[in-house]
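Me: I'd like to go through this structure with you. Can we take it step by step?
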Amino acid sequence: MSKNLAIRGGPKLRTVPFPRYAVIGEEERLAADRVIASGHLSRYIGAWCKAFYGGAEVLSFEAEWSTFFGVKHSLAVNSCTSGLNAAVGALGLGPGDEVIVSPYTMSASAVAPLHYGAIPVFADIDSNSFCLSPRSIEQKITSNTKAIIVVHLFGQPAAMSEIMEVARRHNLKVIEDCAQAPGATVDGRYVGTIGDIGVFSFNYHKHIHTGEGGMVVTSDDEYAARVSLIRNHAESAVEGMGRPDLVNMIGQNYRMGEIEAAIGREQLKKLPSLIDERIQNVKKLEEGLSGLPGISFQKIDPATRHVYYVHPLIYDESKTGIPRRAIVDAIKAELPETELREGEGALIAAGYVRPLYLLPAFQKRIAFGAAGAPFTTARRSLEHAYRPGTCPTAEWAHQNSLITHELMKPGMAESDIADVVEAFKKVWSNLHELHS
Ligand SMILES: *Cc1c(COP(=O)(O)O)cnc(C)c1O
């Protein structure tokens with residue numbers, strides 16, 4: 001008997017590719033041309049002088065970012081990873097200090113402490129937001145804990161008021177990783193401006209991008225000074241700048257070029273409309289998918305704005321009798337490849353990343369040198385810190401309940417969204433073909 005589902009040899013619901021995620025246009029081309037015509041592709045000098053803070057495009061991008069986000073200081077860097085590292089250094093963290101991190105995020109947000117010899121300690125996530133759970137954070141605090149790195153995962157703000165309350169009570173610093181959440185808000189405040197330091201990404205995959213790039217924001221003058229030093233060869237600049245404090249004043253080259261900054265200025269102008277489009281597309285998708293047995297959506301606190309880097313779906317296998325992997329593969333088979341990541345098919349997946357403590361670096365506790373630094377500098381045993389089961393909600397989300405997709409990207413027309421909905425409905429109408 002012939003089958004209906006593409007994964008069983010039936011016809012695909014759609015073969016015509018979805019629109020490209022085309023956020024780089026004429027404005028960015030003109031901006032890049034302007035820099036090339038000037039001949040000044042970067043103006044930084046790695047020593048204390050007027051050019052220590054970079055060229056005109058970098059300075060303008062930073063000023064415009066500060067105005068948009070209502071924050072005192074913005075410091076452009078060459079990636080969010082660089083920015084997270086600089087943030088850890090700027091807070092003065094060092095060997096033996098513990099930093100509470102999320103297991104369910106891009107790896108850079110959890111390994112940043114290691115670069116300063118500090119120890120990442122994983123707290124569990126909340127089953128609805130997939131961001132750090134304030135209660136789990138509190139359970140992981142020891143006398144060595146100095147900071148928390150919060151990630152606003154998938155564009156959804158973490159529970160910032162509770163987390164800031166825990167931080168204040170235990171005298172902890174808070175870094176916000178906003179790579180997936182530029183423009184997300186809590187009670188009208190932008191994420192990134194609530195903790196001590198916020199960091200954004202302009203990597204190619206993010207809401208707005210410059211190819212590679214990032215931005216660090218803070219309202220604290222001292223942290224801003226320290227981030228700008230770490231960004232640009234601190235050790236060579238502290239003396240000229242008249243700064244006696246040498247803690248973590250060994251710098252990197254985390255500088256952004258002028259072309260990226262010029263492009264970033266144009267991208268920032270597009271951010272509000274790109275966010276609106278994501279929110280509208282998610283609304284249409286949720287209307288279309290509501291009522292499918294086994295699929296539910298995140299509950300969004302009305303005091304927050306989710307900006308949907310990813311649109312997570314929560315799957316309950318007991319409602320369909322079909323394992324998550326088989327459902328996702330069947331939906332994927334109905335839809336065209338996405339140009340963004342060739343070879344991966346349609347952008348829908350079972351889970352997100354494996355909980356990070358399961359990475360070899362944590363399992364073997366080897367980071368710098370063969371002897372186990374900085375894990376060996378911990379002031380307590382880490383024997384059980386990274387064992388499987390450490391964060392059960394993250395493991396459950398990853399292995400059982402979470403479906404992530406990016407089929408709500410700007411550029412998707414009403415008819416494209418309708419096809420995504422039809423692909424789900426086709427699979428749900430033919431679940432019997434997946435039994436076996
Ligand atoms: C993308 C991402 C990063 C890293 O950003 P880069 O700019 O590529 O270094 C860090 N954290 C999260 C949550 C991310 O999604």
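Me: Let's start with charge and rings. Which ring does the charged end of Lys-409 sit over?
Reply: The ring of Tyr-21. The distance to the ring centre is 5.1 Å. Keep in mind that this is a predicted model.
Me: Now ring pairs. How many aromatic pairs does the structure hold?
Reply: There are 22 aromatic pairs. One of them joins Phe-61 and Trp-65, with centres 5.9 Å apart and 85° between the planes.
Me: What do we call that pair, Phe-61 and Trp-65?
Reply: Edge-to-face. The angle is over 60 degrees, so the pair counts as that type.
Me: Where are Phe-61 and Trp-65?
Reply: In helix α2, residues 56-69. They are four residues apart there, so about one helical turn separates them.
Me: Phe-61 and Trp-65, buried or exposed?
Reply: Phe-61 is buried, and Trp-65 is too. Both also belong to a cluster linked by ring pairs, along with Phe-68, Phe-69, Tyr-190, Phe-200 and Phe-202.
Me: What about the pair Phe-362 and Tyr-386?
Reply: Their planes are at 55° and their centres 5.0 Å apart, so this pair is tilted. Phe-362 is in helix α11, while Tyr-386 is in the loop between α11 and α12, so the pair ties together parts 24 residues apart in sequence. Phe-362 and Tyr-386 are buried.
Me: New topic. What is the volume of the second largest pocket?
Reply: About 270 Å³. Its lining has 20 residues, and among those nearest the centre are Pro-157, Asp-301 and Thr-304.
Me: Which helix gives the most to that lining?
Reply: Helix α6, residues 160-170, with three residues. By class, the lining has nine nonpolar, six polar and five charged residues.

Definitions and conventions. Residues are numbered from 1 along each chain as its sequence is written. This is a predicted model: local features need pLDDT of at least 70, side-chain atom pairs count only at pLDDT 80 or more; totals for chains, interfaces and linings use all residues. Side-chain values use heavy atoms; hydrogens and water are left out. Rings of Phe, Tyr and Trp (its six-membered ring) pair if their centres lie within 6.5 Å; planes under 30 degrees apart count as stacked, over 60 as edge-to-face and the rest as tilted. Helices (H or I, at least four residues) and strands (E, at least two) are DSSP runs, numbered from the N terminus. Buried means under 20% relative accessible area, exposed over 50%, partly exposed in between (1.4 Å probe, protein chains only). A charge sits over a ring if NZ of Lys or CZ of Arg is within 6 Å of the ring centre and within 35 degrees of the ring normal. On a 1 Å grid over the protein atoms alone, a cavity is a set of points where a 1.4 Å probe fits but cannot get out, and a pocket is an open set with protein on both sides within 12 Å along at least five of seven lines; lining residues have an atom within 4 Å of a point. Grid points are joined across faces, edges and corners, and a volume is the space filled by probe spheres set on the points. Ala, Val, Leu, Ile, Met, Phe, Trp, Tyr, Cys and Pro count as nonpolar, Asp, Glu, Lys and Arg as charged, and the others, Gly among them, as polar.
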